[in-house]
Amino acid sequence: MAFPPKKDHRIPLAQAVAMTKAHRANTAKGDPNAGMWPRDVFETLLAQPGAAGIRIYHGRGTDGAKHMVMVAVDATGDDMTSATIMEQEFPCPPLCPVNSPLAS
């Protein structure tokens with residue numbers, strides 16, 4: 001698989017608000033709207049030899065709860081599955097920001 005070409009991933013706040021609002025409108029009550037990880041999680045993934053990016057998968061725990069699974073990807077865009085893989089985000093809800101337009 002080829003690594004995707006560079007692109008500008010930035011979007012305006014209004015677009016981000018519309019996208020997160022649409023997600024909340026189409027998500028079952030109690031399902032997470034977001035997940036937060038401390039910086040060291042990303043640094044750990046990206047510090048692995050050969051890491052060129054991070055891929056985030058949607059997953060479910062044994063209890064059926066939705067989670068996100070993060071894995072480093074190499075320069076060819078392949079998952080580095082023999083390296084460290086991360087999960088256990090801090091979910092929103094219940095750990096949601098109070099004043100973010102992305103969460104309201």
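What volume does the largest pocket have? In this predicted model, the volume of the largest pocket is about 460 Å³. A pocket is here an open set of points on a 1 Å grid over the protein atoms alone, where a 1.4 Å probe fits and protein lies on both sides within 12 Å along at least five of seven lines; lining residues have an atom within 4 Å of a point. Grid points are joined across faces, edges and corners, and the volume is the space filled by probe spheres set on the points. Rolling a probe the size of a water molecule over the atoms shows where empty space is left.

Residues are numbered from 1 along each chain as its sequence is written, and side-chain values use heavy atoms, with hydrogens and water left out. Because the model is predicted, local features need pLDDT of at least 70 and side-chain atom pairs count only at pLDDT 80 or more, whereas totals for chains, interfaces and linings use all residues.

The secondary structure of the protein consists of two helices and five strands, where helices (H or I, at least four residues) and strands (E, at least two) are DSSP runs numbered from the N terminus. The order of the elements from the N terminus on is α-β-α-β-β-β-β. The C-alpha trace spans about 40 × 35 × 25 Å along its principal axes. Of the 104 residues, 19% count as buried; buried means under 20% relative accessible area, exposed over 50%, and partly exposed in between, with a 1.4 Å probe and protein chains only. The protein exposes about 7,500 Å², of which carbon and sulfur atoms supply 61%; these areas come from the Shrake-Rupley method with a 1.4 Å probe. Among contacts (heavy atoms within 4.5 Å) between residues at least 6 apart in sequence, 49% join residues at least 24 apart.

The lining of the largest pocket comprises 15 residues, and His23, Asn33, Ala34, His58 and Met68 lie nearest its centre. Two or more lining residues come from each of helix H1 (13-25), strand E1 (34-36), strand E2 (53-60) and strand E3 (66-73). The most is given by E2, with four residues. By class, this lining has five nonpolar, seven polar and three charged residues. In this division Ala, Val, Leu, Ile, Met, Phe, Trp, Tyr, Cys and Pro count as nonpolar, Asp, Glu, Lys and Arg as charged, and the others, Gly among them, as polar.

The second largest pocket has a volume of about 280 Å³. Its lining includes Phe3, Pro4, Pro5, Lys6 and Lys7, together with Gly53, Ile54, Arg55 and Gly77. E2 again gives the most, here with three residues. Five residues of this lining are nonpolar, three are polar and three are charged. Pro4, one of the lining residues, is found in the segment before H1 and counts as partly exposed, because its relative accessibility is 48%. The C-alpha atoms of Pro4 and Gly77 are separated by 7.2 Å, although these residues are 73 apart along the chain.

The loop between H1 and E1 holds Thr27 and Asp31. Thr27 is buried because its relative accessible area is 17%, and its side chain reaches the backbone oxygen of His23 at 2.5 Å. Asp31 likewise counts as buried, because its relative accessibility is 18%. The side chain of Asp31 makes a polar contact with the side chain of Lys66 at 3.1 Å. A polar contact is a pair of N or O atoms within 3.5 Å; within protein, one must be able to donate a hydrogen and the other to accept it, and residues adjacent in sequence count only if both atoms are side-chain atoms. Apart from neighbours within four places in sequence, Asp31 is in contact with Lys66 and Pro93.

Gln88, in the loop between strand E4 (85-86) and E5, is not a glycine but has a positive phi of about 65°. Most residues other than glycine have a negative phi, and most peptide bonds are trans. Gln88 counts as exposed, because its relative accessibility is 57%.
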